[in-house]
Amino acid sequence: MEYESVLIVKPEVFIYKIPPRASNRGYRAGDWNLKEPTWTGRMRLVAKGTAVVLKLEDKTSGALFANCPIDTYPGVAIEAVSDSSRYFVIRVQDDNGRSAFLGLGFGDRSDSFDLNVALQDHFKWVKNQEQIEKEKTEPKQELDLGFKEGETIKINMRITKKDGSEGSSRTGKNKGSSGVLPPPPGGLGKIAPPPAAAAATTVRQSPGVSPAHRPAAGGSEWTDYASAGGNQGQQNSANANWVQF
């Protein structure tokens, strides 16, 4: 069973007889006799299920003056005029299905704003209800979360220790004993060769030769050995003379 709910009530509204629409430019409230409304009374906007009806009633007795069923907004049943936000054109209907277009006006602009908001909220709710019913009858499309052929995924993981520090996937030796010595400062540690001048003046010294008998620079090693042999012969000859005496 559907219950009837009142969306909005305005204690005073004005109804006008309006001339036929002259063109497609829309209705204009300026074309009406706004100072002399045809009827003055109460307006109630009532919803029953998804249907909504604008009812014009007597202020005192509550007798019904006219019904305006509204199936969509904005639409043919209720339409705003082009020259004012306080006036609308509504299509009223009787029990026999006959209809007529009347002008509807509010004394305060906030009252017309409230009617706009109430109609928009109702039809937004109707749209949501239709979507819910549609989802009940139509099966939902399931998401395919499987891997397609050739598709891969990369995951970065961080391992946190109990003390809160982040661990590393690499394993190594204890701190301070990595086993690799750093290179010496200043390059690869090559020993510079001796100067060329020093290499040219280096002479091998024969054993048993005093500094006084060293050959001059540029001498040959064979000269050193020859000199040593000659001195040794002279020394042996002298010793032999001492034997003869």
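Modeller: A salt bridge here is a side-chain nitrogen of Lys or Arg within 4 Å of a carboxyl oxygen of Asp or Glu. This is a predicted model, where local features need pLDDT of at least 70, side-chain atom pairs count only at pLDDT 80 or more, and totals for chains, interfaces and linings use all residues. Residues are numbered from 1 along each chain as its sequence is written, and side-chain values use heavy atoms, with hydrogens and water left out.

Biologist: What makes Lys-10 and Asp-114 a salt bridge?

Modeller: Their closest N and O atoms are 2.8 Å apart. The cut-off is 4 Å, so the pair qualifies.

Biologist: Which parts does that pair tie together?

Modeller: Lys-10 lies in strand β1 and Asp-114 in helix α1, so the link joins parts 104 residues apart in sequence. Helices (H or I, at least four residues) and strands (E, at least two) are DSSP runs, numbered from the N terminus.

Biologist: Which salt bridge joins Lys-10 to Asp-111?

Modeller: A side-chain one, at 3.0 Å from N to O. Lys-10 is in strand β1 and Asp-111 in helix α1 (residues 109-137), 101 residues apart. Together, Lys-10, Asp-111 and Asp-114 are linked in a network of salt bridges.

Biologist: How many salt bridges does the rule give?

Modeller: The count comes to 7. Another of them joins the side chains of Arg-44 and Glu-57, at 2.8 Å from N to O. Arg-44 lies in strand β2 and Glu-57 in strand β3 (residues 51-57), so this pair ties together parts 13 residues apart in sequence.

Biologist: Why does the Arg-44 and Glu-57 pair also count as a polar contact?

Modeller: A polar contact is a pair of N or O atoms within 3.5 Å; within protein, one must be able to donate a hydrogen and the other to accept it, and residues adjacent in sequence count only if both atoms are side-chain atoms. The side chains of Arg-44 and Glu-57 are joined by such a contact, of 2.8 Å.

Biologist: Are these two buried or exposed?

Modeller: Arg-44 has a relative accessible area of 19%, so Arg-44 is buried. Glu-57, at 5%, counts as buried too.

Biologist: What is Arg-44 in contact with?

Modeller: Contact means heavy atoms within 4.5 Å. Leaving aside neighbours within four places in sequence, the partners of Arg-44 include Val-6, Ile-8, Val-53 and Glu-57. Val-9 has Arg-44 as its bridge partner in β2.

Biologist: How do you know that β1 and β2 pair?

Modeller: Two strands pair if DSSP finds at least two bridges between them. Strand β1 (residues 4-17) and strand β2 (residues 39-48) have 9 bridges, in the antiparallel sense. β1 also pairs with strand β7 (residues 99-105), antiparallel, over 4 bridges. There, Phe-14 has Gly-105 as its bridge partner.

Biologist: Why is the pair of Trp-32 and Tyr-87 called edge-to-face?

Modeller: Rings of Phe, Tyr and Trp (its six-membered ring) pair if their centres lie within 6.5 Å; planes under 30 degrees apart count as stacked, over 60 as edge-to-face and the rest as tilted. The whole structure holds 5 aromatic pairs. For Trp-32 and Tyr-87, the centres are 6.0 Å apart and the planes at 85 degrees, an edge-to-face pair. Trp-32 is in the loop between β1 and β2, Tyr-87 in strand β6 (residues 87-93), 55 residues apart. Both are buried.

Biologist: What about Phe-88 and Phe-106?

Modeller: Their ring centres are 6.2 Å apart and their planes at 90 degrees, so this pair is edge-to-face. Phe-88 is buried, and so is Phe-106.

Biologist: What makes a nonpolar core, and which residues have the most contacts inside the largest one?

Modeller: A nonpolar core is a set of buried Ala, Val, Leu, Ile, Met, Phe, Trp, Tyr and Cys residues joined through side-chain atoms within 4.5 Å. The largest has 25 residues, with Leu-54, Leu-56, Ile-70 and Leu-115 making the most contacts inside it. The largest share of this core, 4 residues, comes from α1.

Note on methods
Buried < 20%, exposed > 50% of the residue type's maximum accessible area, 1.4 Å probe, protein only.
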